[in-house]
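Subject: Structure for you to look through

Dear colleague,

I am passing on the structure we spoke about, and below it I have written out what was found. Please keep the model open while you read, so that you can follow each part in turn.

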Amino acid sequence: MKNKGWEIFKNSLNYLGGGSSTNSKIPNFEEEPAILIKGKGCRVYDFEGNEYIDFRCALGPVTLGYNLPEINSAIIKQLENGVVFSYPHVLESEVAKKITEIIPCAERVRFLKTGGEAIAACIKIARNYTKRKKIIHCGYNGWLNCFDTGGISAPGILSSSPLKGIPPEISALHINLQWADFEKWERVFKEQGEEIAGVVIASDYKDIEKGKEFLPFIRDLTKKYGSLMIIDEIVTGFRVAIGGIQEYFNFLPDMAVFSKGIANGMPLSIYCGRKELIDSAKEIGISSTFGGETLSLAASNAVVEFYKKNNVIKYLWEIGQKMWSGVNNLFKQYEVEAELKGFPVCPFFDFKNPEERNLFFRKCFKNRVILYNVGYVCYSHKEKDINEALEKVEKSIKEMKNGSN
Ligand SMILES: Cc1ncc(COP(=O)(O)O)c(C=O)c1O
């Protein structure tokens with residue numbers, strides 16, 4: 001395909017490993033935009049200037065929209081006063097205080113930059129606190145924490161081969177269990193409960209409703225065996241509810257991690273929880289030069305206010321429902337063996353046939369609708385954007401069914 005964006009991407013393979021620092025952003029199909037240059041609201045633009053309605057939302061973090069004036073101005077205002085400092089900036093404690101008010105388990109808060117890094121911090125805290133070694137994972141918890149064979153290499157994607165670069169001695173300390181497999185969890189705890197420092201659970205988006213019973217069940221199990229419960233709210237936080245799945249299903253983990261969504265795309269992660277646990281981070285030596293970087297904190301400050309003022313969560317549920325029930329209706333109407341399952345704020349595309357999935361996605365890309373395994377919406381998706389996107393999705397399905405280009 002003659003396309004300057006693809007040319008740049010292919011050339012980049014000579015100096016940028018894999019063509020992107022984020023595996024899930026590497027384009028696979030020629031219909032995809034190989035290179036993006038800007039975004040506005042719910043739309044992004046490729047190198048040729050083509051406009052797409054975007055349902056990837058930067059893989060989740062853009063919950064309000066690209067290039068939003070309210071958030072931009074908070075970042076710019078802070079930029080004029082400096083980015084990082086040699087002592088804590090006042091924003092660090094201000095945002096921490098706000099977070100303790102909106103996240104149920106957050107007695108204390110600390111900041112890092114990425115989700116995986118914050119999960120690694122919680123794992124270290126859990127091992128130190130319990131003086132135990134083993135960790136149970138459920139779902140994808142960031143590349144830094146992919147220690148177990150047969151684990152998850154990207155959200156929703158099971159690793160097809162044993163994970164590479166991990167000594168077996170380390171891998172042996174990590175166990176991967178499935179969401180809502182009540183029996184297996186009970187059995188593993190019965191056999192190894194005294195060795196388990198903590199469990200790290202990311203929700204399974206397509207079966208997320210099962211969390212209602214599963215998460216309180218794990219809460220009881222971990223309490224019974226003296227293990228810590230760590231909830232990965234990287235996707236669910238600021239989407240399912242501001243306070244994530246713990247708020248939605250009303251349970252209290254010992255620690256939790258939030259990242260995507262808390263700063264509308266600025267690089268920030270939060271690990272939070274019981275005060276004695278988060279306070280111990282200092283003595284353990286968990287620390288990062290950029291932990292209190294102020295542009296992201298200023299963005300997060302503005303994001304929290306924006307969420308409260310505009311009831312963003314309610315809106316995400318409504319607009320997500322409109323979009324994804326619309327796509328599900330089209331699947332039914334045109335007899336596509338697929339369904340978006342789970343909550344409308346982060347549903348998962350479940351296709352019977354992976355080839356049909358690829359074809360569907362390619363047609364949608366071609367018609368300028370960007371999709372991902374998880375269907376993300378943001379506050380900038382308005383009714384007219386959804387109507388336009390659904391028309392384009394219908395056109396894509398028709399093309400897929402009649403084999404036209
Ligand atoms: C549920 C979940 N946990 C952890 C991570 C890792 O976050 P990061 O890529 O910021 O390290 C991701 C990223 O996709 C995620 O979706």
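A residue is called buried here if 20 or more other C-beta atoms lie within 10 Å of its own, and exposed if 12 or fewer do. Please bear in mind throughout that this is a predicted model.

With that cut-off in hand, look at helix H10, where the buried residues are Thr 294, Leu 295, Ser 296, Leu 297, Ala 298, Ala 299, Ser 300, Ala 302, Val 303, Val 304 and Tyr 307. The cover over these buried residues includes helix H2 (69-79), helix H3 (90-102) and H11. H10 is 17 residues in length and reaches 24 Å from its first C-alpha to its last, which is close to the 24 Å expected at 1.5 Å a residue. Just after H10 comes Asn 311, which takes a positive phi of about 45°.

Just after H11, Glu 335 has a positive phi of about 55°.

The protein chain is divided into domain 1 (4-22 + 46-67 + 311-402) and domain 2 (69-310), and the centres of the two, taken over C-alpha atoms, are separated by 26 Å. Where they touch, 23 residues come from domain 1 and 23 residues from domain 2. On the side of domain 1, the elements that give two or more residues are H11 and strand E14 (348-351), with H11 providing the largest share, four residues. By class, that side of domain 1 divides into 15 nonpolar, six polar and two charged residues.

The largest nonpolar core has 119 residues, and those with the most contacts inside it are Cys 122, Ile 230, Met 255, Ile 270, Tyr 271 and Cys 272. This core draws at least three residues from each of domain 1 and domain 2. To take one member, Ile 230 is in contact with Cys 122, Ala 126, Gly 198, Val 199, Val 200, Pro 253, Asp 254, Met 255 and Ala 256, once its neighbours within four places in sequence are left aside.

There is also a ligand, with 14 residues around it, of which Thr 114, Gly 115, Gly 116, Gly 142 and Ala 202 come nearest. The shell around the ligand is made up of six nonpolar, seven polar and one charged residues.

Finally, two loop residues deserve a look. Lys 131, in the loop between helix H4 (115-130) and strand E5 (134-138), has a positive phi near 60° although it is a residue other than glycine. Asn 264, in the loop between strand E11 (255-258) and strand E12 (269-273), likewise has a positive phi, of about 50°, without being a glycine.

With best wishes

How values were computed. Residues numbered from 1 in each chain as written. Predicted model: local features only at pLDDT ≥ 70, side-chain atom pairs only at ≥ 80, totals over all residues. Core = buried A, V, L, I, M, F, W, Y, C linked by C-beta atoms within 7 Å. Domains from an automatic or database assignment. Contact = placed C-beta atoms within 7 Å. Near = placed C-beta within 6 Å. Nonpolar A, V, L, I, M, F, W, Y, C, P; charged D, E, K, R; others polar. Expected span 1.5 Å × (residues − 1).
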